[in-house]
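Welcome, and thanks for taking a look at this one with us. Please have the sequence and the coordinates open as you read on.

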Amino acid sequence: MSQLNNKRYLKRKIINNVTLSISLLTVLFALTFLVWILWTLFSQGLSHLGLDVFTKMTPPPGSSGGLLNAIVGSLYMVLIATFIGTPIGVLAGTYLAEYGKSGWLAPTTRFINDILLSAPSIVIGLFVYEVAVNSVGHFSGWAGALALSLIVIPVVVRTTENMMQLVPSTLREAAAALGAPYWKVIVNVVYRSARTGIMTGLLLAVARISGETAPLLFTALNNQFWSADMSKPIASLAVVIFQFAMSPYEDWQHLAWAGALLITLFVLTLNILARTIFRSSQSQN
Amino acid sequence: MSSIMQSKNMGARLDKLFRGTTMFFAFLVFILLLGIIVTLFVGSLPALKAFGPAFFTSDAWNPVKIQFGGLVPIYGTFITALIAMVIGIPVSFGIAIFITELSPTWLKRPIGIAIELLAGIPSIIYGMWGLFIFAPLFADHVQPWINDNLGALPVIGQVFQGPPMGIGMLTAGFILAIMVIPFTSSVMRDVFEIVPTMLKESAYGLGATTWEVVWNVVLPYTKTGVVGGIMLGLGRALGETMAVTFVIGNAHELSASLMMPGNTISSALANEFTEAVGDIYTSSLITLGLTLFVITFVVLAIAKLLLIRLSMREGKQS
C-alpha cells in the first residue's frame, strides 16, 4: 500500500519536474533569439556604421555612401506624426478617463481603440494611400507622417486613459472643493500628476513608429536623393533598409545592416528609457 | 458680485467647451475605424464587381490577363499564423508560468523586460535576420531532418516534404512565432497574476505540486484570459508584414508543402502595391487588404471581449 503511494508520489514529482524544466527552457528559447538577433545586428552592422552613414546620401548601386537623407526623412516624419498624434490621443484619452462614465461613445471608442492598437499597420498604409495619395495623385512625406500618426493615436489614447485613471479621485475632489471648474481640475491637477505616465506612452509610441516600414511603403514611398520637401516622396530609414537588404548589391546590404543596427538601438533605448522614467515616478509616490 | 457671477458663467462655458473638445477627438477615433472600412470597401468595388465572390475562392493571379483571386494569399496568411500559434502558444505559456510561479522575485523584472524587448525590435529587423541568418541555417540543418523524418510519415508526410530552400511558409511561421511570444506571454502573465493567492495556497496545502496548481487551479481560473491572449497573438500574426515579406518567397502558387514559398495578404501588398498597374490590379490588392482588416478585426474583437469578461468577473468577486 505504502509502496503504491510512493510510486504515485514519485510519478507526480517527476511530471512536476519535467514540466517546470520545460517552462525554464521556453524562457531560454525566447532569450536565445533576443541575444541572437542583437548579436547579428552588432556583428553585421557595427563595422559599417562609420561617419559616412551620417554625412552622405544614399548611393546608387555599386558605390559607397551613407544614409543621411533617410535618417532626416525618418526624423521629419516621426516628429510630425508625434505632433499630430499626441494632442488627438491625449484629448481622446481624457474623454475616456474623465467623461466616459455614461453614454455609448466612451465604451465603443475604448473597444475600437484597443483593436486599432493591434490592427495591421499595412492596412493603415492602404487607407492613407486612398485618402492622401490617390486623391492628390502623388506620394508625399505628409501622407507618410499621417499614416504614422494614425499608429501613434491608439497608443497615446490607451496610456493617457490608464494613467489618468490612476490619479486618486480625492485629488480631483480637493481641487473641486476649492471652486475650480472641472476643466481646470483636469488641466492643472490630473494632467500634472499623470504627466510622467503620459510621457511614457508618448516615448513608446515614438519607439513604435520609428521602426515602422509597412505604412510608409505606399505613402511616403522613397527617394534616393536629398529631399526635405514633405509634399514630395521622401526617404525613410526603414524603407531604405528594406530596399537595400532585398537588393543583390553588397554595398547596399552593408548599409542596410548599419541602418538596422541604428534603428534597433534607437528603438530599444527609447523602450528602456520609457520604462525607467515610469518606474522612478512610480517609486516616488 | 456681478463679476463673480460672470467668472462663474465663464467657467461653466469653458467646462462645456473642454468637454466638447475631448468628446470630438474621442469621436474622431471612433470615426477612424468606420473611415478605414468604408474607404477600403470603396477601393475594392472594381475588383468585387469584376470577379464577384469567386475572388475569394480563385487562385488565379495574372496581371497580364487581369485575372485575380485571393485564395493563395488568404490561405498563406492563415497557415503562417497557424504555425506561429502551434509554436508560440506553448512557449508563451511556459514563459508566463516561469515568471509568475517559478522565478525568484529579483529575476522577474529582468526577464519581463527582456521578453518585452523582443516585442520592441522592429519587424523589418526580424525579416533581415530571418533572410540572411536564420533561413540558411534552417535550410542546411533543420529542413533536411524534417524531410527525412516527418516527411516519411503517411498522409501528413507531404506537408513536410519539399526542397530545403530556407524560405517558405514554415520559416515565416516560425519567425512569426518568435514575434508573437512577447504579446501572448505578457497577457498570460497578467492574467495568471490575478489568481487569488488563497486559492493557490489551498491547493498547495492539499499537497499539490506546482505543476498541478498551474494546471488545475491557475489555468481553469484564467482560461478566458488565456484564450484572449492567444487571440491577441493571432491577430498580430495575421497582420504582420515586413518579417514575412522577407522570408515567404512571394509565390502565387498553392502548395500543400509548408517548405514551399507562398504568399500572405500583407506581403502581397508590400511587394506589389506600388507596382500594380491598372484599376483592377490595384483594386484586387485593396480587396485583400480589406479582407485582412476584417479578419484581424474579428479576431481582436473576440480577444478583447474575452479579456473584458475575465476582468468583469474579477470586479464582481472583489
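Here is a short tour, from the interface to single residues. Please keep in mind that this is a predicted model. Chain A and chain B share an interface that buries about 7400 Å², and the structure holds 32 aromatic pairs over all chains.

**The interface of chain A and chain B**

- On the side of chain A, 81 residues are in contact with chain B, and their partners number 82 residues of chain B.
- Carbon and sulfur atoms give 83% of the area of about 7400 Å² that is buried between the two chains.
- The rule finds three salt bridges across this interface.
- One salt bridge to look up is formed by the side chains of Asp114(A) and Lys304(B), with 2.8 Å from N to O.
- Which element gives the largest share of the side of chain A that touches chain B? That is helix α1 of chain A, residues 2-45, which contributes 19 residues.
- Sorted by class, the side of chain A that touches chain B comprises 59 nonpolar, 16 polar and six charged residues.

**Aromatic pairs and a cluster**

- Among the 32 aromatic pairs in the structure, Trp36(A) and Phe134(B) form an edge-to-face one, with 6.3 Å centre to centre and 65° between the planes.
- This pair joins two chains, because Trp36(A) lies in helix α1 of chain A and Phe134(B) in helix α4 (residues 123-149) of chain B.
- Are the two partners buried or partly exposed? Trp36(A) is partly exposed at 24% relative accessibility, whereas Phe134(B) is buried with a relative accessible area of 6%.
- Trp61(B) and Tyr281(B) make another edge-to-face pair, at 6.2 Å centre to centre and with 75° between the planes.
- This second pair links distant parts of the chain: Trp61(B) belongs to strand β1 (residues 61-62) of chain B and Tyr281(B) to helix α10 (residues 279-317) of chain B, 220 residues apart.
- Trp61(B) counts as buried at 13% relative accessibility, and Tyr281(B) counts as buried at 11%.
- One aromatic cluster takes in Phe29(A), Phe33(A) and Trp36(A) along with Trp129(B), Phe134(B), Phe138(B) and Phe174(B).

**Buried residues and their surroundings**

- Ile95(B) sits in helix α2 (residues 71-102) of chain B, and its relative accessibility is 1%, so Ile95(B) counts as buried.
- What does Ile95(B) touch, not counting residues up to four places away in sequence? The list holds Thr26(A), Val27(A) and Ala30(A) from chain A, plus Ile115(B), Ile181(B) and Ser185(B) from chain B.
- If you want a distance to check, Ile95(B) and Met231(B) are 17 Å apart from C-alpha to C-alpha and 136 residues apart in sequence.
- Glu161(A) is found in helix α6 (residues 141-166) of chain A and is buried, with a relative accessible area of 2%.
- The side chain of Glu161(A) has a polar contact with the side chain of Arg110(A) at 2.9 Å.
- Leaving out residues up to four places away in sequence, Glu161(A) touches Arg110(A) as well as Gly93(A), Leu96(A) and Ala97(A).
- Thr19(A) is part of helix α1 of chain A and is buried, with a relative accessible area of 17%.
- The side chain of Thr19(A) reaches the backbone oxygen of Ile15(A) at 2.8 Å, and a polar atom of that side chain lies 3.0 Å from the backbone oxygen of Asn16(A).

**Positive phi in loops**

- Most residues other than glycine have a negative phi.
- Leu221(A) has a positive phi near 55°, and Leu221(A) is placed in the loop between α9 (214-217) and α10 (237-245) of chain A.
- With a relative accessible area of 25%, Leu221(A) is partly exposed.
- Asn250(B) is not a glycine either, yet its phi is positive, at about 50°.
- The loop between α8 (242-247) and α9 (265-272) of chain B holds Asn250(B), which counts as partly exposed at 30% relative accessibility.

Note on methods: Residues numbered from 1 in each chain as written. Chains lettered and ligands numbered in written order. Predicted model: local features only at pLDDT ≥ 70, side-chain atom pairs only at ≥ 80, totals over all residues. Heavy atoms only, no water. Contact = heavy atoms within 4.5 Å. Buried area = accessible area lost by both parts, 1.4 Å probe. Salt bridge = Lys/Arg side-chain N within 4 Å of Asp/Glu carboxyl O. Helix = DSSP H or I, 4+ residues; strand = E, 2+ residues; numbered from the N terminus. Nonpolar A, V, L, I, M, F, W, Y, C, P; charged D, E, K, R; others polar. Buried < 20%, exposed > 50% of the residue type's maximum accessible area, 1.4 Å probe, protein only. Polar contact = N/O pair within 3.5 Å; in protein donor to acceptor, adjacent residues only side chain to side chain. Phe/Tyr/Trp six-rings, centres within 6.5 Å; stacked < 30°, edge-to-face > 60°.
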